[in-house]
Amino acid sequence: MRSKAIFAAAAAAALPLAGAGTATAQEPPPPPAVPTVIPLLPLNGTDVTGTATLTPNPDGSLRVQVNASGMVPNQPHAQHIHGNAEGRDFVCPGPAEDLTKDRNGDGLLSAVDGSAAYGPIFISLTTDGATDSNSALALDRFPVADDTGQVVYDRTLTAEQLPDGTIAHLADLTVVEHGIDVDGNGQYNLDSPIGESEIAQVMNATGVPAEATYPAACGAALGGTPENSGN
Ligand SMILES: [Cu+2]
């Protein structure tokens with residue numbers, strides 16, 4: 001119940017951002033195009049490795065590149081920038097947290113479990129179209145891993161697509177790659193041991209396999225203020 005409240009609040013908080021940003025310039029002015037390279041570390045026993053690279057451009061846009069291997073081959077992988085622009089430095093769940101945050105006892109960290117550390121969905125890293133939190137589960141618009149399990153993504157988000165404060169708070173944010181294969185059958189299925197996605201149900205989407213939404217890897221940008229992380 002607590003998690004549903006958190007995500008309902010996050011969804012509500014995201015709504016005012018949907019139409020914002022057209023008239024308001026980013027404050028402070030965007031820094032020069034210095035890439036922030038974020039190593040992706042495996043979660044839930046995956047072998048995922050890779051990087052997410054965030055590069056702010058002088059025009060206020062943000063180039064996002066993801067290169068990850070060890071993902072479930074030939075499956076779409078939801079991916080998001082998590083966190084917010086309110087000053088908390090979000091982090092990736094550590095090994096100890098894997099158990100303490102695992103509320104349903106399945107031995108894995110669900111997307112909801114992980115959000116305690118890596119934060120709410122901030123930007124959906126879709127391949128085209130909308131990038132707000134309403135696209136968080138748009139599996140038809142997320143990159144599909146190739147048959148070796150590699151995900152390659154490169155999209156420049158316009159200043160208008162970025163929630164206010166994104167560039168100024170890049171160091172606080174996390175990048176999360178989703179999609180695991182618990183039963184080893186090579187696809188996301190509802191009859192896996194982890195069943196249906198809880199976070200999808202919270203977002204009023206039924207019939208989404210939990211395998212599609214459980215986090216496979218997380219990366220945290222360095223340079224924020226960990227003392228405010230609340231952990
Ligand atoms: Cu995510």
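This is a predicted model: local features need pLDDT of at least 70, side-chain atom pairs count only at pLDDT 80 or more; totals for chains, interfaces and linings use all residues.

The dialogue below goes from the overall fold to single residues.

Colleague: How many bridges join strand E2 and strand E3?

Modeller: Strand E2 (residues 49–56) and strand E3 (residues 62–69) are antiparallel and pair over eight bridges. Within this pairing, threonine 53 stands opposite glutamine 65 in E3.

Colleague: Which strands pair with E8?

Modeller: Strand E1 (residues 36–42) is joined to E8 by two bridges, and the two run antiparallel. Strand E7 (residues 174–178) also pairs with E8 in the antiparallel sense, over five bridges. Cysteine 218 in E8 is the bridge partner of leucine 41 and also of valine 176. Strand E8 (residues 215–220) is mostly covered, with six of its six residues buried.

Colleague: Which residues have the most contacts inside the largest nonpolar core?

Modeller: That core has 55 residues, and those with the most contacts inside it are Leu40 and Cys218. If residues up to four places away in sequence are left out, cysteine 218 touches Leu40, Leu41, Leu43, Cys92, Pro93, Tyr118, Thr174 and Val176.

Colleague: Let us turn to the helices. Why is helix H3 described as largely enclosed by the rest of the structure?

Modeller: As a general idea, an α-helix has 3.6 residues a turn, so residues three or four places apart point the same way. In this case, helix H3 (residues 111–118) has seven of its eight residues buried, so it is largely enclosed by the rest of the structure. The buried residues are Ala111, Val112, Asp113, Gly114, Ser115, Ala117 and Tyr118. Tyr118 is also one of the residues that cysteine 218 touches. Just after H3, glycine 119 takes a positive phi of about 90°.

Colleague: Which residues other than glycine have a positive phi?

Modeller: Two examples can be read here. Asparagine 44 has a positive phi of about 60° although it is not a glycine, and its place is in the loop between E1 and E2. Asparagine 74 also has a positive phi, near 60°, and is found in the loop between E3 and strand E4 (79–82).

Colleague: Why is asparagine 44 counted as buried, and why is asparagine 74 counted as partly exposed?

Modeller: A residue is buried if 20 or more other C-beta atoms lie within 10 Å of its own. Asparagine 44 has 21 other C-beta atoms within 10 Å and is therefore buried. Asparagine 74 has 13 C-beta neighbours inside 10 Å, so it counts as partly exposed.

Colleague: Where is aspartate 132 found?

Modeller: Aspartate 132 is in the loop between E5 and E6. With 18 other C-beta atoms within 10 Å, aspartate 132 is partly exposed. Aspartate 132 and leucine 162 are 30 residues apart in sequence and 8.4 Å apart in space, C-alpha to C-alpha.

Technical notes: Residues are numbered from 1 along each chain as its sequence is written. A nonpolar core is a set of buried Ala, Val, Leu, Ile, Met, Phe, Trp, Tyr and Cys residues joined through C-beta atoms within 7 Å. A residue is buried if 20 or more other C-beta atoms lie within 10 Å of its own, exposed if 12 or fewer, and partly exposed in between; C-beta atoms are placed from the backbone. Two residues are in contact if their C-beta atoms, placed from the backbone, lie within 7 Å. Helices (H or I, at least four residues) and strands (E, at least two) are DSSP runs, numbered from the N terminus. Two strands pair if DSSP finds at least two bridges between them.
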